[in-house]
Amino acid sequence: MSRGNELKELASDLSRALEAARRIGLPTTVYLLSMALVEVREAIDAAGDDDDGAA
C-alpha cells in the first residue's frame, strides 16, 4: 500500500472517529481529531504534489 493510500485510509478513520465523538458529545476529542484530520489532509496534498512532480 502506498503512502498516499495509507494517508487516505487514516483520514477516513479519523473522520469516522470524529463523527462518533461529535455524536456522543466529546468536544475536546472532536477538536483534537479535527486538528489531526487537517494534518493528514495536508500530508495527502503534499504527497499528491510529490507524485505530480515525479510524473
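A residue counts as buried under 20% relative accessible area, as exposed over 50%, and as partly exposed in between (1.4 Å probe, protein chains only). This is a predicted model, where local features need pLDDT of at least 70, side-chain atom pairs count only at pLDDT 80 or more, and totals for chains, interfaces and linings use all residues. Residues are numbered from 1 along each chain as its sequence is written, and side-chain values use heavy atoms, with hydrogens and water left out.

Start in helix 1, which spans residues 3-24. Helices here are DSSP runs (H or I, at least four residues), numbered from the N terminus. Asp-13 and Arg-16 both sit in this helix, three residues apart, about one turn. They form a salt bridge, defined as a side-chain nitrogen of Lys or Arg within 4 Å of a carboxyl oxygen of Asp or Glu. Their closest N and O atoms are 2.3 Å apart. Asp-13 is partly exposed, at 34% relative accessible area.

Now turn to Glu-19 and Arg-22. They too are three residues apart in helix 1, so about one helical turn separates them. Glu-19 is partly exposed at 39%. Arg-22 is partly exposed at 44%. The salt-bridge count comes to two.

Next comes the nonpolar surface. Tyr-31, Leu-32, Met-35 and Val-38 make a nonpolar patch of about 390 Å². Patch residues have over 30% relative accessible area and no salt bridge; like charges are joined within 9 Å, nonpolar side chains (Val, Leu, Ile, Met, Phe, Trp, Tyr) within 5 Å. Areas come from the Shrake-Rupley method with a 1.4 Å probe; for residues, only the protein chains shown count as cover. Tyr-31 lies in helix 2, residues 27-54. Tyr-31 is exposed, at 52%.

Notes. Helix = DSSP H or I, 4+ residues; strand = E, 2+ residues; numbered from the N terminus.
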